[in-house]
Amino acid sequence: MNELAEFEIRPARDDDHPALLALSPRLTIGAAPWREPAKFAAAARGWIESSLAVADQDGHAVLVALLGGRVAGLVSLAERRHFTGDLDAYIGELVTDRAVEGRGAGRALLAAADQWATRRGLPRITLETGARNHRARRIYARSGYEEEDIRLSKPV
């Protein structure tokens, strides 16, 4: 059986918001150790809140993965112009519940993101993740994503 078929993917609804916001601490996985955890966690929650606030606007979406009727994860999407002028699909957040880790929710959401971008005629999907988020980076690489930019940081 196709494990991705286990997951129902649909647009986020207002009644999903508490469960989606509860996933925000998982977005701190792979954070640089010099970043304050509480500030990072607050920012991650804000990212989801911001994505949910514009999800119904043209060029934006928040898709939810459900397993047995329960929220298993989300992917937020937006059209975003690259500095070269190309219009890309952009994944703002991709996060899954720890309880479904390794069961294909992330891959199902990535496949749904591909479909969203294709329907909009966008030729490329971009995303960003923490350099230390090794598991996510492996999943992205297996899904065909290639590293394009690298951000460097040092204390002064």
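This is a predicted model: local features need pLDDT of at least 70, side-chain atom pairs count only at pLDDT 80 or more; totals for chains, interfaces and linings use all residues.
Let me begin with a term: two residues are in contact when heavy atoms of theirs lie within 4.5 Å. With that in place, consider the contacts in this chain with a separation of 6 or more: residues 24 or more positions apart account for 61% of them.

I turn to the overall architecture. The chain holds 4 helices and 5 strands, and along the sequence they follow the pattern β-α-α-β-β-β-α-β-α. For 156 residues, a compact globule would have a radius of gyration near 15 Å, and the chain, at 15 Å, agrees with that. The C-alpha trace spans about 50 × 35 × 30 Å along its principal axes.

Next, burial and surface. Of the 156 residues in the chain, 38% are buried. The chain exposes about 9,900 Å², and carbon and sulfur atoms supply 50% of that area. As for charge, there are 22 positive and 22 negative side chains, and the centres of the two sets lie 6 Å apart.

Where does Leu63 lie? It is found in strand β2, which covers residues 60–67. Tyr140 is 77 residues from Leu63 along the chain, and the C-alpha atoms of the two are separated by 18 Å.

The second residue is Thr96, in strand β4, residues 87–96. Is Thr96 buried or exposed? With 16% relative accessibility, it counts as buried. Beyond its neighbours within four places in sequence, Thr96 is in contact with Leu23, Arg26, Ala72, Gly73, Ala105, Gly106 and Leu109.

Finally, the aromatic side chains. A pair of aromatic rings is described by the distance of the centres and the angle of the planes. The count here comes to 2 aromatic pairs. In one of them, the rings of Phe40 and Trp47 have centres 5.9 Å apart and planes at 80 degrees, so this pair is edge-to-face. Phe40 counts as partly exposed at 22% relative accessibility, and Trp47, at 38%, also counts as partly exposed.

Terms used
Residues are numbered from 1 along each chain as its sequence is written. Side-chain values use heavy atoms; hydrogens and water are left out. Helices (H or I, at least four residues) and strands (E, at least two) are DSSP runs, numbered from the N terminus. The radius of gyration is taken over C-alpha atoms; the globule rule is 2.2 Å times the number of residues to the power 0.38. Buried means under 20% relative accessible area, exposed over 50%, partly exposed in between (1.4 Å probe, protein chains only). Accessible areas come from the Shrake-Rupley method with a 1.4 Å probe; for residues, only the protein chains shown count as cover. Lys and Arg count as positive and Asp and Glu as negative; His and the chain ends are not counted. The place of a charge is taken as NZ of Lys, CZ of Arg, CG of Asp or CD of Glu. Rings of Phe, Tyr and Trp (its six-membered ring) pair if their centres lie within 6.5 Å; planes under 30 degrees apart count as stacked, over 60 as edge-to-face and the rest as tilted.
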